[in-house]
Amino acid sequence: MSTKSNNTKLLIMLLNRYHIKGNEKKELVNIIKPIYLHPEFQKRFESSFPHHGSVTVAEHLIEDTIKTYLLSKIYIMKKKNKNYDIKSAIYIAIFHDLYTVPWQNNSESKVVKFQNVHGFRHPVEAVINAYNWFPQLFNDDNYVKIIDGIVHHMYPLPVISINSDLNTRELKNYELYRRLPNKIKNALIMSTKRNCIFGFSLAKSKYVEGRIMSRADKYVSIKQLKSIYDWIALLTGKNKRLTK
């Protein structure tokens, strides 16, 4: 059986776990399909990209996306908010940890400055990668909302603040950053400057779509972190459970 077939089985398993069926299943799969099939996303199903313990980045992103979808449906039903953009919420969810290199037990992923460690840096890398790989999904109506949701998905934890003179040279995808259109760069810079203290942004997302996704991420992450080693790795980058 091919690797892609195994990945599809995992996708179906997660959809079934959260009881996504019928029209809702069709709606969600149609939205994420071009992202899911992209080679860079498929690569993140590999065991070389462990995210929470042995859960891969791609599995985490899909589960976050499903939970975001369900919370979005509840929000729309309760608030009767016709302006809520469920597609943007889903894009925030499936893009938010689309960082460049694995962070657990990666001896090559060293940084010089404290503020550039993975935990503070990866939301910025995720925006850069998402735009470079899926520019067609960032249109004039939603790109600021998607960028802001990705940048602040860890709230209340901080993210690095960047500026136009590029204190971001330690980004693992710095060359891709240079290719961004000015409107995307400006939206990214402005988002990381909100509530900025000592080089870190402490803001939550300005948009309800981003705040709902952030809530989904915390629910899923706590469920996926299964051992004390997984929690320690969040601070140290080293996971003894995986080395064993």
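Which handedness does the crossing of α4 and α5 have? The crossing of α4 and α5 is right-handed, a label given when the near helix is turned clockwise from the far one by less than a right angle, with anticlockwise counting as left-handed. The model described here is predicted, so local features need pLDDT of at least 70 and side-chain atom pairs count only at pLDDT 80 or more, while totals for chains, interfaces and linings use all residues. Residues are numbered from 1 along each chain as its sequence is written, and side-chain values use heavy atoms, with hydrogens and water left out.

To begin with the helices, two packed helices are described by the angle between their axes and the distance between the axes. Helix α4 covers residues 57-79 and helix α5 covers residues 86-95; they pack at an angle of about 155 degrees, with their axes 8 Å apart. Here axes are lines fitted to C-alpha atoms, for helices over the stretch in contact, and angles run from 0 to 180 degrees between N-to-C directions. The two helices α4 and α5 are therefore roughly antiparallel to each other (angles over 145 degrees count as roughly antiparallel, under 35 as roughly parallel, 65 to 115 as roughly perpendicular and the rest as oblique). Helices (H or I, at least four residues) and strands (E, at least two) are DSSP runs, numbered from the N terminus.

Helix α6 (residues 118-133) takes part in two further pairings. With α7 (residues 143-151), its axis comes within 8 Å and crosses at roughly 150 degrees, which makes α6 roughly antiparallel to α7. The axes of α6 and α9 come within 11 Å and cross at roughly 160 degrees, so α6 is roughly antiparallel to α9 too. In a right-handed crossing α6 passes α7, and α6 passes α9 in a right-handed crossing as well.

Next come the strands, where two strands pair if DSSP finds at least two bridges between them. An open sheet is formed by three strands in the order β3-β5-β4, with antiparallel pairing. Its edge strands, β3 (159-160) and β4 (196-197), each pair on one side only. Strand β5 (residues 200-201) is joined to β4 by two bridges, and I197 stands opposite F200 in β5.

Two loops hold backbone features worth a look. Most residues other than glycine have a negative phi, and most peptide bonds are trans. In the loop between α9 (182-193) and β4 lies N195, which has a positive phi of about 50 degrees although it is not a glycine. The loop between α7 and β3 contains P156, and the peptide bond from Y155 to P156 is cis, with omega near 15 degrees.
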